[in-house]
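Colleague: Hi! Could you walk me through this one while I have it open?
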Amino acid sequence: MKSTTVGDRYASIPEAIDRRARRATQLLLMAPIAFVLANLVFLLCHRLIPFGTMVHIAYDTNTLAIPVLMLLSGSVAFRLASPSSKKPRRYSLTWIVLALLLVAVRIYATHIEPHNLKIRHVTLMTEKIDRPFTLLHITDIQSAAIGSYEEKVFAKIRELNPDLIVHTGDLLQPVAPATYQTELPKLAALFQTLNPPLGMYMVEGDTTGPLLPYGPEKMGGIAYLRNEEALIHAEGINLRLYGLTVRSSSEKTRAREGIQRWLNIDQAALNIVMGHRPDYILKVNDFPIDLCLAGHTHGGQIRIPFFGPLVIFSTIPRDWARGYRTVGNTGLNVSAGIGAEHHRGLPSIRLNCPPEMTLIHFLPKS
């Protein structure tokens, strides 16, 4: 029988420590391997699964499932690693901190930033008016269900007290058990609390279909413009507002033809065009339009520092997806919107792209 000396026992200690360190390292590799494989599957299958469903699964995987795996593997690896194995223990703690950060990002992006409404101010000088007035550009309320957030938004609108309100599409996108039938009366009641002296107008958006049969009396006083104009006359103000259908706002040639016919009637008035998708600007920026308004992009909803929005679902340059800028002979304001995408039950997600409304101050140039 082979005897084990004290020296042999001490010699086996480093081997045991190394073995435990290797096991800890292998455990820590599980999370990044799972992350890479899962997102590779998402990329390969993105055309086979509806977009909203895919985003929902990817969001839950990367901000819930992967952090849980990181937390578990980091905790077990920390216990496996010997106190003398500093690197595995340090990596384990790093994994645990990263997991908690990812969960914190999810909480912030889902429950905090989507309700952090901002007001963007734009000032425009023009010779076409004799007195100042304000236009509030709102878009993409796109509510899953009317609640306290929407009530806060309308309270802010009343506080701003604009002269004219325009909405560039997508009022509702109900998520069950909410429906258009349950939410429209609530939204109409909120619009009824507004009374801007120059009126309220909107164009259709991608989620507007079920609302088309309803007139201003059922929409709380906000009127639809479908490839048609509204003439607004007040003391010192002569304004023509032209609203595109969602199809015209995306089919640029169709938009150009309709706007050209409309614009030729009266260029002396203050001419403003509104459409849901901003794509139409690419075909009309040589026209002497005073202002073009659009929504649809949501500003990207998720904006990466030094890169910008991940996706905007528009043919305009990505850096045009939010804010005011001069484009050719006209000005373009694309609002990041009030709500968020809820396709197939997707939760509200906003990161580095808070919801917003734009208050545009028109001042007489003289």
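Predicted model: local features only at pLDDT ≥ 70, side-chain atom pairs only at ≥ 80, totals over all residues.

Colleague: Noted. How much space lies in the largest pocket?

Modeller: The largest pocket holds about 1200 Å³ of space. It is lined by 35 residues, and those closest to its centre are Phe51, Val55, Ile302, Val311 and Phe313.

Colleague: Which elements give two or more residues to that lining?

Modeller: Those are α1 (6-45), α2 (51-80) and α3 (86-112).

Colleague: And which gives the most?

Modeller: That is α2, which contributes 7 residues to the lining of the largest pocket.

Colleague: What is the lining like by class?

Modeller: In the lining of the largest pocket, 19 residues are nonpolar, 13 are polar and 3 are charged.

Colleague: Staying with the helices, where is Phe35 found?

Modeller: Phe35 sits in helix α1. If you set aside residues up to four places away in sequence, Phe35 touches Asn62 and Ile66. Phe35 and Asn62 are 27 residues apart in sequence, with their C-alpha atoms 7.2 Å apart in space.

Colleague: Why does Phe35 count as partly exposed?

Modeller: Because its relative accessibility is 40%, and partly exposed lies between the 20% limit for buried and the 50% limit for exposed.

Colleague: Great. On to the sheets: what is the strand order in the one that holds β1?

Modeller: That is an open sheet of 6 strands in the order β1-β14-β2-β3-β4-β5, and its pairing is mixed. The edge strands, each pairing on one side only, are β1 (118-126) and β5 (223-224).

Colleague: Do β2 and β3 run parallel or antiparallel?

Modeller: They run parallel, with 4 bridges joining β2 (residues 133-138) to β3 (residues 164-167). To find your way there, look for Ile138, which stands opposite His167 in β3.

Colleague: Which strands does helix α4 lie across?

Modeller: Helix α4 (residues 148-160) lies across β1, β2, β3 and β14 (356-364), and it runs at about 15° to β14.

Colleague: While I'm in that area, where is Pro174?

Modeller: Pro174 is in the loop between β3 and α5 (180-191). Beyond its neighbours within four places in sequence, Pro174 is in contact with Ser143, Ala144, Thr179 and Tyr180. From Pro174 to Leu184 it is 10 residues in sequence and 9.8 Å in space, C-alpha to C-alpha.

Colleague: Is Pro174 buried or partly exposed?

Modeller: Partly exposed: its relative accessible area is 22%, and buried would mean under 20%.

Colleague: How many bridges join β12 to β13?

Modeller: There are 5 bridges between β12 and β13 (residues 330-334), and the two strands run antiparallel. Gly323 has Val334 as its bridge partner in β13.

Terms used:
Residues numbered from 1 in each chain as written. Heavy atoms only, no water. 1 Å grid on protein atoms, 1.4 Å probe; cavity = no way out; pocket = protein on both sides within 12 Å on 5 of 7 lines; lining within 4 Å. Points joined across faces, edges and corners; volume = space filled by probe spheres on them. Nonpolar A, V, L, I, M, F, W, Y, C, P; charged D, E, K, R; others polar. Pairing = 2+ DSSP bridges. Contact = heavy atoms within 4.5 Å. Axes fitted to C-alpha atoms, helices over the stretch in contact; angles between N-to-C directions. Buried < 20%, exposed > 50% of the residue type's maximum accessible area, 1.4 Å probe, protein only.
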